[in-house]
Amino acid sequence: MTFSEVIIDWYRQNKRELPWRKTTDPYKIWLSEIMLQQTRVDQGLPYYLAFEKAFPTVFDLADATEEKVLKLWQGLGYYSRARNLHHTAGYIARERKGEFPSSYKELLKLKGVGDYTASAIASISFNEASPVVDGNVYRVLSRYFGIDTPINSGRGIKYFKELAQELIDKEDPATFNQGIMEFGAVQCKPRSPLCSECPLNAGCVALKDNLVDQLPVKIRNARIKHRYFNYLIVHNEHRTLLFQRREKDIWQHLYEFPLVETEKPMSEEEIISHPQFKELIGENRFEISLYNKENVVHKLSHQHIHATFWIVYLKNDIEGGIRKSRIKEYPVPVLIANFVREYEF
DNA sequence: AAGCCGGGGAT
DNA sequence: ATCCCAGGCTT
């Protein structure tokens with residue numbers, strides 16, 4: 001059997017039943033592929049079901065507000081995916097009458113659709129023999145063929161794409177693409193792959209040379225940055241302040257409490273004398289207390305957020321405040337959602 | 001080419 | 001604590 005025959009045969013016997021595998025509707029395939037970018041199937045699945053229910057067609061998604069889309073996306077991370085998803089839905093619905101591009105080349109032009117996603121949609125929805133190369137494929141190919149070219153180098157990206165192009169089943173690219181990804185996720189796992197019961201173990205270079213745990217090779221990424229977020233829970237009996245993040249930074253367009261970012265942890269005296277605090281509170285009388293005695297460390301893949309929540313109670317009206325009872329309607333980062341759930345005003 | 005963008009699960 | 005996940009965009 002050829003490589004692709006083994007993959008397809010394995011897939012038919014071992015595939016998981018997933019909702020997006022029951023259709024070739026490009027809208028559903030697109031939605032699932034965007035959601036699964038850098039995201040495990042188990043984590044993305046409940047979000048996919050919620051989106052499918054809330055937005056059965058691309059027109060429903062296009063008609064929604066960005067805020068509603070972000071709210072449904074809350075907790076899934078990489079929020080630019082949700083913003084691009086909404087933007088592209090508007091383009092498809094209004095300028096293309098709901099019709100998706102039907103080739104890899106045209107799909108690639110959509111915002112939020114890169115090389116991987118364009119190939120995935122082109123193959124699954126339109127039967128185009130365009131190979132997907134995701135983290136799973138890098139792992140399977142680097143091990144089976146014993147390739148130590150870094151997968152995140154320019155050379156590596158080009159090499160693995162070409163190799164996958166040679167291997168893809170031209171008659172059934174959809175099954176091959178999904179098969180090799182599923183194979184990487186279930187059989188050829190990052191840690192403790194199931195080599196002894198692998199249908200490809202006879203020809204696997206990494207297994208023969210005992211290099212399975214050395215491949216794929218990846219160039220190490222940047223160091224983790226530490227940031228100190230002082231959130232000011234400025235509230236009175238009924239209202240609290242909540243602002244939308246507009247800067248080019250993490251959590252763009254999500255909501256949060258007034259934020260004072262500092263270079264190091266702040267004491268109460270330092271916070272109330274901070275220019276941003278003074279500008280926010282002005283001459284109003286307030287009572288301040290520290291909510292979390294212990295520093296909350298919210299870990300992102302590339303930075304650690306050391307968060308402190310300062311409860312600032314006012315007796316007078318709050319200009320621009322929102323009703324506390326409506327706070328759960330806003331899309332917020334998990335860090336904020338956790339606080340809101342615990343504090344309960 | 002390198003940096004940035006989340007959150008969670010597995011080891 | 002580290003790695004990695006059905007990656008893409010910006011600089």
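This is a predicted model: local features need pLDDT of at least 70, side-chain atom pairs count only at pLDDT 80 or more; totals for chains, interfaces and linings use all residues.

Residues are numbered from 1 along each chain as its sequence is written, chains are lettered from A and ligands numbered from 1 in the order in which they are written, and side-chain values use heavy atoms, with hydrogens and water left out.

Around DNA strand C there are 25 residues, of which Arg21, Gly112, Thr117, Arg139 and Lys248 come nearest; a residue counts as near when one of its heavy atoms lies within 4 Å of the strand. Of the atoms of DNA strand C that come within 4 Å of the protein, 65% belong to sugar and phosphate. The bases are approached as well, for the side chain of arginine 21 has an N or O atom 2.8 Å from a base nitrogen of DNA strand C, and the side chain of arginine 40 has one 3.3 Å from a base oxygen. At aspartate 115, a backbone N or O atom lies 3.3 Å from a phosphate oxygen of DNA strand C.

Serine 130 is buried, with a relative accessible area of 6%, where buried means under 20% (1.4 Å probe, protein chains only). Leaving aside neighbours within four places in sequence, serine 130 is in contact (heavy atoms within 4.5 Å) with residues including Tyr104, Lys161 and Asn177.

How values were computed:
A polar contact is a pair of N or O atoms within 3.5 Å; within protein, one must be able to donate a hydrogen and the other to accept it, and residues adjacent in sequence count only if both atoms are side-chain atoms. Buried means under 20% relative accessible area, exposed over 50%, partly exposed in between (1.4 Å probe, protein chains only).
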